[in-house]
Amino acid sequence: MATPNKALLPRLMNSSDASDSQASQDKTELTVDLRGSYEASGIQEILDQLDQDLIGLKPVKARIREIAALLIINKARHLVGLETTRPSLHMSFTGPPGTGKTTVAERMSRILHGLGYLRKGHVVTATRDDLVGQYIGHTAPKTREILKKAMGGVLFIDEAYYLYRPENERDYGAEAIEILLQVMEGHRDDLVVIFAGYKERMDIFYQSNPGLSSRVANHIDFPNYSCQELFAIAQLILAAENYRFSNDAKSVFADYLIRRMQLPFFANARSIRNAIDRARMRQANRLFNGMGTRLSRQDLMTIEAEDITASRVFQGEVEGLNPSDPITNQL
């Protein structure tokens, strides 16, 4: 084994000490006001609004905060000279309908814009019909037009699995996916793509398109709302429109929820909004039919039990399947 040059050791040690001293000095000189950067970005207001607008969804909100924290720290590292690659921001939102995926996409876009990761922060929503053509040469211009509109913001592709139809060899969805892949990679600094849909179908979609799956780093699953959360959503919807349940209507609507959740085509908050709209229609007809009496402010605000029990849900049927059916035919 070679013997170290003892005369060289002091010089190496002094050089190492000098480097450590310089690094230590750099660390003391370069600091970041993390709280100031966070407050200036307006993210807290966006997250607070998300809490107000969306009941429940704790895992989703926690994931959004995690992504926001990563982006804030990434910017802080850049400010002190710690170069790092831009994190992949393309996302996948999976879950049943009516669970807030579109709303969260809008809030996510505002967060990314507030932190300087997106120029505009707008959201362009698209489906297969917006991206895929019906004949040769039609798909590419359609897809590129949507991508052009989304640049600087978020492209939200709902029910993304419909883009891929392997059973039809003449389908042009694969062409749209190929263009998406190119743009997601080549313009990752100016566009975030969010793919959304039912979890089981989205899993098959990613398995069939491994190139797409490798470019989506953030997967967020949106759970169904509980019965209690759906009731709270109903109360929020009513309050926003200056309505209220009577005491009897509250217990009847809780029963309605249990029944409706067991029927087909249940869409969480979307179904609740539809139920409230129908209850308002029945309330309006009830008050109109009794126009001989003067109405108070409370009368005009209150949804009564009979405005809910008239629903076909209490007969085990789904309302709204036939738009021509009158909503108030049982009053």
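Q: Which residues in α7 meet which residues in α8?

A: First, the ground rules. This is a predicted model, so to speak: local features need pLDDT of at least 70, side-chain atom pairs count only at pLDDT 80 or more, and totals for chains, interfaces and linings use all residues. Residues are numbered from 1 along each chain as its sequence is written, and side-chain values use heavy atoms, with hydrogens and water left out.Now the case: Thr139, Ala140, Thr143, Arg144 and Leu147 in α7 meet Glu175, Ala176, Ile179, Leu180 and Val183 in α8. Contact here means heavy atoms within 4.5 Å. Helices (H or I, at least four residues) and strands (E, at least two) are DSSP runs, numbered from the N terminus.

Q: At what angle do the axes of α7 and α8 cross?

A: Axes are lines fitted to C-alpha atoms, for helices over the stretch in contact, and angles run from 0 to 180 degrees between N-to-C directions. The axes of α7 (residues 139-150) and α8 (residues 173-186) cross at roughly 40° and come within 9 Å. The crossing of α7 past α8 is right-handed; that term is for a near helix turned clockwise from the far one by less than a right angle, and left-handed is for anticlockwise.

Q: How many helices and strands does the protein have?

A: There are 15 helices and seven strands. Of the 331 residues, 40% count as buried. Buried means under 20% relative accessible area, exposed over 50%, and partly exposed in between (1.4 Å probe, protein chains only).

Q: In what order do the five strands of the open sheet come?

A: Two strands pair if DSSP finds at least two bridges between them. Here the order is β2-β3-β4-β1-β5, with parallel pairing. β2 (123-126) and β5 (218-221) stand at the edges with a single partner strand each, so one side of each has no neighbour in the sheet. From one strand to the next, the twist averages 20°.

Q: Which residue stands opposite threonine 125 in β3?

A: Phenylalanine 156 does. β2 and β3 (residues 154-157) run parallel and are joined by four bridges. Four bridges also join β3 to β4, again parallel, and there isoleucine 157 stands opposite phenylalanine 195. Move on to β1 and β4 and you find four bridges and a parallel run, with alanine 196 as the bridge partner of phenylalanine 93.

Q: Is β4 mostly covered or mostly open?

A: Mostly covered: six of its six residues are buried. Val192, Ile194 and Ala196 point one way, Val193, Phe195 and Gly197 the other. Helix α9 (residues 199-208) lies across β1 (91-94), β4 (192-197) and β5, at about 125° to β4.

Q: Which residues of α12 are buried?

A: The general idea first: an α-helix has 3.6 residues a turn, so residues three or four places apart point the same way. In α12, the buried ones are Ala249, Val252, Phe253, Tyr256, Leu257 and Arg260. They cover an arc of only 155° around the axis, which puts them on the same side of α12; the arc is that of the directions from the helix axis to the C-beta atoms.

Q: What do the buried residues of α12 pack against?

A: They pack against α11 (227-240), β6 (244-245), α13 (269-289), β7 (302-303) and α15 (306-309).

Q: How far apart are the end C-alpha atoms of α12?

A: The expected span of a helix is 1.5 Å times one less than its number of residues. For the 15 residues of α12 (residues 247-261) that should be 21 Å, and the end C-alpha atoms are 22 Å apart, which agrees.

Q: Which phi does leucine 57 have?

A: Most residues other than glycine have a negative phi, and most peptide bonds are trans. Leucine 57 has a positive phi of about 55° although it is not a glycine. Leucine 57 sits in the loop between α3 (43-53) and α4, and is buried, with a relative accessible area of 4%. Glutamate 159 also has a positive phi, near 50°, in the loop between β3 and α8. At 33% relative accessibility, glutamate 159 counts as partly exposed.

Q: Which residues is valine 80 in contact with, leaving aside its neighbours within four places in sequence?

A: Leu30 and Val32. Valine 80 lies in the loop between α4 (58-79) and β1. The C-alpha atoms of valine 80 and leucine 30 are separated by 5.7 Å, though the residues are 50 apart along the chain.
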